[in-house]
Amino acid sequence: MNAEQLLKQIKTNRDLIVRNNEHAYEHLQMLKNDYAHLVNEEVTLSIELNKTLAELHFKSNYSGAIENSLAVVDKFRDSGFNSLLARHLKTIGHCFAHIGEFNLAEQNLKEALCIITPDEPNYNSVRAEILHTLAMNEDIKDEGSEKAIAHLTEAIDLLSDKAHEVMKANCLMGLGNIYNSANKAEEALKHYLVAAETFEHHYLLRNMASVYSNIGNCYTLLKKFDEAERYLEKSLELRMKFGSPDDISISYFNLAIVHKDKNDLEKSGEFLAKSKVILEQIGNKPFLKQINEMIDDIDRMKALASA
């Protein structure tokens, strides 16, 4: 094997990591150990990106992912492999957003946008990934943000060919999330159902789990509780097999909302408790704050019901 062939293997490994394939981490270790003699700057940047993504996808270890990619960016800041550097910065931004460090997230994401230029390989897809993460950061910070919608619209415009249909579906799901946050369930549902078709066509189980979760949320808002539970349970089933801890906590939270709206407060509280345990372990502060607020709300409702 030569360095070019090794890079192809690393790309295959990255796809396995994103799909949460159980053998991906072992495969990554093999590539690092068995082909150390082929390591060059591009190989190092690529392998370390996979290591960061493994920390994120398998463990929801935001601090570990940030630490790994920050060290890589500091070491290779003057590298000519700007697409890889941009993806490290994008992932750093993604992690900072999830722990509530929105300014640091934006700082790294904007730096990623600055270093990726149209002459870079995969410019459209890398820029679209960064814009998608910027939109997510904006929406967590300010639900229904017009900036978030603008970022996703630009990303979708960059993803016009069939090779990018999965990434486009992710951006459509992002738009759905913004409308969902703004309680525009019917508009959100339109975007989710289109995205679901693409994910199902490619049999992307992690993406399917995410979109089923979001579809379930829409049906909850529309008071169609049987449909909501059906999609949310399908999502949880997939996430228990292939999801990250963060993903599983989201599924528990969404099922808690359905049971709260059905006035099954005990069941809602059980799901919230499961979600809270995970979030405390991984340090997702914005989501943990939301969980604690809902637990307090459930307790107030129970007190009123027993008064």
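A definition to start: helices are DSSP runs of H or I with at least four residues, strands are E runs of at least two, and both are numbered from the N terminus. This is a predicted model: local features need pLDDT of at least 70, side-chain atom pairs count only at pLDDT 80 or more, and totals for chains, interfaces and linings use all residues. Residues are numbered from 1 along each chain as its sequence is written, and side-chain values use heavy atoms, leaving out hydrogens and water.

Helix α1 first. After α1 comes N20, with a positive phi near 60 degrees. At the N-terminal end, N2 is the cap: a side-chain oxygen sits 3.2 Å from the backbone nitrogen of E4.

Which residues of α1 are buried? L6, I10, N13, R14 and I17. Buried means under 20% relative accessible area, exposed over 50%, partly exposed in between, with a 1.4 Å probe and protein chains only. Down the axis of α1, the buried residues fall within an arc of 105 degrees, so they line one face. That arc is taken over directions from the helix axis to the C-beta atoms. E4 and K8 are exposed, on the face turned away from the buried side.

Now T117. It lies in the loop between α6 (102-115) and α7 (123-141). T117 is partly exposed, at 29% relative accessible area. Its side chain makes a polar contact of 2.3 Å with the side chain of D119. A polar contact is a pair of N or O atoms within 3.5 Å; within protein, one must be able to donate a hydrogen and the other to accept it, and residues adjacent in sequence count only if both atoms are side-chain atoms.
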